[in-house]
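Reader: Hi! Could you walk me through the inside of this protein?

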Amino acid sequence: MASTVSQPQQYGHPPPILLTLTILPISLYLIINPLLPLLLPQSLLDNIPPKYSLQDGQSSYPALQASIGFSLLAFVGVVWLVPKVSEAFVSKGLKGRDLLKPGGRVSGPWIPESLGLPCASLYLALMMLFIPFPFSHLFKKQTPLGPETFPQQELTLYLSSLLSLLTATLLGFIDDLFDIRWRHKLPIPIVAAVPTLLVYYSVGGVTSVVLPKGIGGWLSSLGLERWLDGNVVDLGPIYYLYLILLPTFTTNSINILAGINGVEVLQALIIALSVLINDLLFLPIWSSNLLRVLGFENPQNGRVLDWAIGEVVNRHLMSFYFMGPLVGVCLGFLWHNWYPAKAFPGDTFCYFTGMAFSAVAIQGHFSKTLILFFIPQIFNFILSCPQLFGLVECPRHRLPFYDEKTNLLNPSLVTFTSPPPLRTRIVLEILSFLRLVKLEYHDPAKDANERRYIKSSTNLTIINFLLVHFGPMREDRLCILVGFVQVMGSVVAFGVRYKVGSWFYGGDRR
């Protein structure tokens with residue numbers, strides 16, 4: 001009898017070979033091309049017109065196309081790296097069952113977990129290799145007094161952001177290994193954010209905010225004019241408290257909105273793309289003909305936002321450098337995490353991406369704009385608060401319920417074997433009135449002494465909320481629906497930032 005040899009399990013989806021062969025040379029060209037002025041002799045460069053210059057005469061930034069090259073390299077790298085390292089993670093016990101597949105917790109497929117670690121490691125390695133590119137134009141540039149002064153402040157901001165990301169990655173992986181309780185998780189992002197916050201303070205970080213129209217006059221009438229400078233109030237240490245809480249929210253809010261294949265990575269991808277688009281609005285790289293057709297003022301400056309000049313351009317340029325490769329990493333990992341998932345990100349991915357968003361927002365002075373891109377996460381957090389803070393029983397997993405017969409997901413339930421406490425009933429009745437949850441009641445049969453009480457409620461997450469209103473659906477379609485909500489949240493965010501904000505505060509919102 002011929003013996004059957006078991007085939008080794010394949011981890012990850014097969015990498016796209018043709019796409020890789022197409023992208024890889026393009027990425028290498030984009031990375032090497034900005035270095036040619038440093039590598040080629042000056043005699044060959046004299047007749048070549050200067051490139052990548054800001055159209056208003058500011059200093060050039062050849063690193064922009066290199067950043068695009070590194071972003072493409074990040075995508076290719078993650079797509080090929082995840083299958084290579086998955087077996088090592090599984091052999092060390094870093095694996096879990098896909099609970100929303102046939103067999104579930106008992107016999108569902110084993111999937112390698114914590115693969116946010118190799119993604120974050122590759123990202124950090126690429127960002128370290130990228131360090132010389134933003135300053136490459138200084139290496140041969142001479143002034144009458146000698147070499148141009150090196151921008152130490154920009155380098156410090158860059159390195160402090162990398163240090164925060166490295167710390168967040170380490171602490172996130174520790175969380176994956178030891179499954180830290182929620183109350184112990186909250187301080188972790190604060191520790192990782194310390195380098196970024198300290199550098200923000202050392203470079204004279206702004207702590208003042210602009211008040212809406214009319215609020216300044218109203219506060220002055222109350223005798224508080226000494227705290228105001230026109231329509232601006234300096235919050236001082238209170239603003240730093242907000243900056244401390246920002247990374248705590250961005251990391252944990254992505255982690256809370258989880259549970260189905262692809263959802264953590266998809267929301268991080270859409271937020272990163274939103275930040276990237278916001279950065280592009282500040283960069284003077286746009287075609288004057290395109291801006292003229294779209295009706296922008298002063299199209300010859302190449303700016304979507306006419307007032308975006310000087311330091312604000314440099315801040316968003318730095319943000320672009322971080323967000324581009326992050327988009328590549330998210331796209332690459334989504335290749336393996338999409339339904340049916342062959343790799344799980346773990347808490348490491350959530351900590352790493354959340355800290356990346358906070359770091360660029362703090363250093364780029366657009367932390368309030370960043371919060372707008374988290375509208376779905378804010379909704380999910382507020383909806384989850386009764387369970388997170390113990391007002392309603394919170395099971396360990398609030399995943400949707402998987403029906404093996406239909407292969408569809410249904411809202412999962414928290415059940416009550418006896419009448420719940422008054423505070424729980426009040427909270428659930430309010431949420432039911434707002435159509436945020438679906439309640440099921442226990443009706444007394446023949447016993448008149450038995451009271452009618454809440455028998456079950458859908459779990460308080462945006463995923464279950466969508467299933468309540470749109471009905472049972474397959475896992476990948478549910479993930480697409482969550483992604484659509486995330487996109488619409490970003491659309492609303494841009495409207496609030498650049499339309500409502502200008503009307504509410506008066507003038508351009510910078």
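Predicted model: local features only at pLDDT ≥ 70, side-chain atom pairs only at ≥ 80, totals over all residues.

Reader: Great. Which residues touch the most other members of the largest nonpolar core?

Author: Phe130, Phe322, Met323, Leu326 and Phe357 do, in a core of 114 residues. Helix α14 (residues 311–337) gives the most to this core, with 14 residues. A nonpolar core here is a set of buried Ala, Val, Leu, Ile, Met, Phe, Trp, Tyr and Cys residues joined through side-chain atoms within 4.5 Å. Buried means under 20% relative accessible area, exposed over 50%, and partly exposed in between, with a 1.4 Å probe and protein chains only. Helices are DSSP runs of H or I with at least four residues, strands are runs of E with at least two, and both are numbered from the N terminus.

Reader: And what does Phe130 touch?

Author: Leaving aside residues up to four places away in sequence, Phe130 touches Ala63, Ala66, Ser67, Phe70, Tyr158 and Tyr321. Contact means heavy atoms within 4.5 Å. Phe130 also sits in an aromatic cluster with Phe70, Phe133 and Tyr321.

Reader: How many aromatic pairs are there?

Author: The count is 17. One of them joins Tyr158 and Phe322, tilted, at 4.9 Å centre to centre with 50° between the planes. Tyr158 is in helix α7 and Phe322 in helix α14, 164 residues apart. Rings of Phe, Tyr and Trp (its six-membered ring) pair if their centres lie within 6.5 Å; planes under 30 degrees apart are stacked, over 60 edge-to-face, the rest tilted.

Reader: Is Tyr158 buried or exposed?

Author: Tyr158 is buried, at 0% relative accessibility. Phe322 is buried too, at 2%.

Reader: Switching topic: which residues lie nearest the centre of the largest pocket?

Author: Asp179, Asn255, Asp347, Arg396 and His397, among 48 lining residues. The elements giving two or more residues to that lining include α7 (152–178) and α11 (237–256). A pocket is an open set of points on a 1 Å grid over the protein atoms alone, with protein on both sides within 12 Å along at least five of seven lines, and lining residues have an atom within 4 Å of a point.

Note on methods: Residues numbered from 1 in each chain as written. Heavy atoms only, no water. 1 Å grid on protein atoms, 1.4 Å probe; cavity = no way out; pocket = protein on both sides within 12 Å on 5 of 7 lines; lining within 4 Å.
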